[in-house]
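Dear colleague,

Please find the structure below, together with its sequence.

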Amino acid sequence: MLNIRSFLGSTALYLNLMAYRYLPLAVASIVMSSVPALVMVTARLYLKEPCGLIPSLAVMVTVCGVLLSIRLPEVLKDPSSITSSDPNYFFGLGCAVSCILILSITLVSLRKMQDVHFSVILLYFGVLGSLENVILTYIFEDFVLPRCGWDAILVMLVGVFGFTGHCFLTLSLQTEEAGLVSVMKSSTDIVISLILQVIFFSAVPDFYNLGGAALVIFSVSVIGFRKWLLLLPSGHRLKKKLKLLML
């Protein structure tokens with residue numbers, strides 16, 4: 001299980017970085033934030049976690065938000081308009097979709113390994129992930145040293161922040177349901193990505209970005225609020241008023 005999880009996790013990380021490289025920051029984040037929808041389905045199939053009517057509707061709203069964020073109306077109307085402005089758009093989109101499919105299985109497998117210490121999981125992930133990425137780099141890219149200056153510093157910061165975030169993600173998945181963890185992660189990812197896109201790239205989100213982000217944030221918030229309602233005592237007044245959300 002550790003070997004499989006490490007392989008899937010490193011593959012998802014590689015695809016995640018490729019998606020952020022070839023897609024606009026907001027679009028990549030919104031697509032990645034659809035993970036809770038897939039995690040709900042995967043957790044239901046393999047962990048037997050509950051998935052009622054409201055989560056199922058939230059999954060459909062999430063899918064609509066993702067389709068809106070990737071400019072599906074424009075893609076269907078005139079696909080050449082997208083590729084002419086960004087020839088790598090569909091390649092990045094394929095990486096993003098593949099990433100969320102693999103990541104949903106990875107998150108569920110982490111939930112399955114509650115008794116394994118998070119440091120052991122991260123050690124396997126680091127070793128096998130390094131080997132896999134060396135092979136992928138040899139096949140698809142060239143080995144080059146980072147340029148002097150900011151490049152080397154930014155590469156190191158990616159490693160530090162990525163490892164730290166992965167530690168907290170592993171700990172949270174071992175103590176809480178996979179669906180709720182992915183909901184919290186995805187909703188914050190969208191908001192932070194939209195803000196950083198404006199600050200660092202001066203790219204103002206358009207209607208598709210904002211509309212898709214709003215739909216995804218709404219759906220994952222409903223899932224998270226429903227989880228909180230289920231944890232309340234059986235006689236709580238909010239459970240009686242909002243019983244439809246617990247379907």
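**The annotated spans**

The span of residues 122–140 is 100% helix and 0% strand, with its end C-alpha atoms 26 Å apart. Residues 152–171 are likewise 100% helix and 0% strand, and the end C-alpha atoms there are 29 Å apart. Both ranges come from the UniProt record, an unreviewed entry, whose "transmembrane region" annotation covers residues 20–41, 53–70, 90–110, 122–140, 152–171, 183–204 and 210–232. UniProt positions are given in the numbering used here, feature names are shortened, and annotations may be inferred rather than shown by experiment.

Please note that this is a predicted model, in which local features need pLDDT of at least 70 and side-chain atom pairs count only at pLDDT 80 or more, while totals for chains, interfaces and linings use all residues. Residues are numbered from 1 along each chain as its sequence is written, and side-chain values use heavy atoms, with hydrogens and water left out.

**The chain as a whole**

The protein chain has 12 helices and zero strands; helices (H or I, at least four residues) and strands (E, at least two) are DSSP runs, numbered from the N terminus. Of its 247 residues, 41% are buried, where buried means under 20% relative accessible area, exposed over 50%, and partly exposed in between (1.4 Å probe, protein chains only). The chain exposes about 14,000 Å², and carbon and sulfur atoms supply 73% of this area; accessible areas come from the Shrake-Rupley method with a 1.4 Å probe, and for residues only the protein chains shown count as cover. Among contacts (heavy atoms within 4.5 Å) between residues at least 6 apart in sequence, 78% join residues at least 24 apart.

Helix α2 (residues 25–32) is largely enclosed by the rest of the structure, because seven of its eight residues are buried. These are Ala26, Val27, Ala28, Ser29, Ile30, Val31 and Met32.

Helix α4 (residues 53–69) has 17 residues, which at 1.5 Å a residue should span 24 Å; its end C-alpha atoms are 25 Å apart, in agreement. The expected span is 1.5 Å times one less than the number of residues. Buried residues of α4 include Pro55, Ala58, Val59 and Thr62. Isoleucine 54 also belongs to α4 and is buried because its relative accessible area is 15%. Leaving aside neighbours within four places in sequence, isoleucine 54 is in contact with Val222, Arg226, Leu244, Leu245 and Leu247. Its C-alpha atom is 7.6 Å from that of isoleucine 223, 169 residues away in sequence. Just after α4, arginine 71 takes a positive phi of about 60°.

Leucine 122 is found in helix α8 (residues 118–140) and counts as buried because its relative accessibility is 7%. Beyond its neighbours within four places in sequence, leucine 122 is in contact with Phe163, His166, Cys167 and Thr170. The C-alpha atoms of leucine 122 and phenylalanine 163 are separated by 8.4 Å, although the two are 41 residues apart along the chain.

Methionine 156 is in helix α9 (residues 150–175) and counts as exposed because its relative accessibility is 54%.

Yours sincerely
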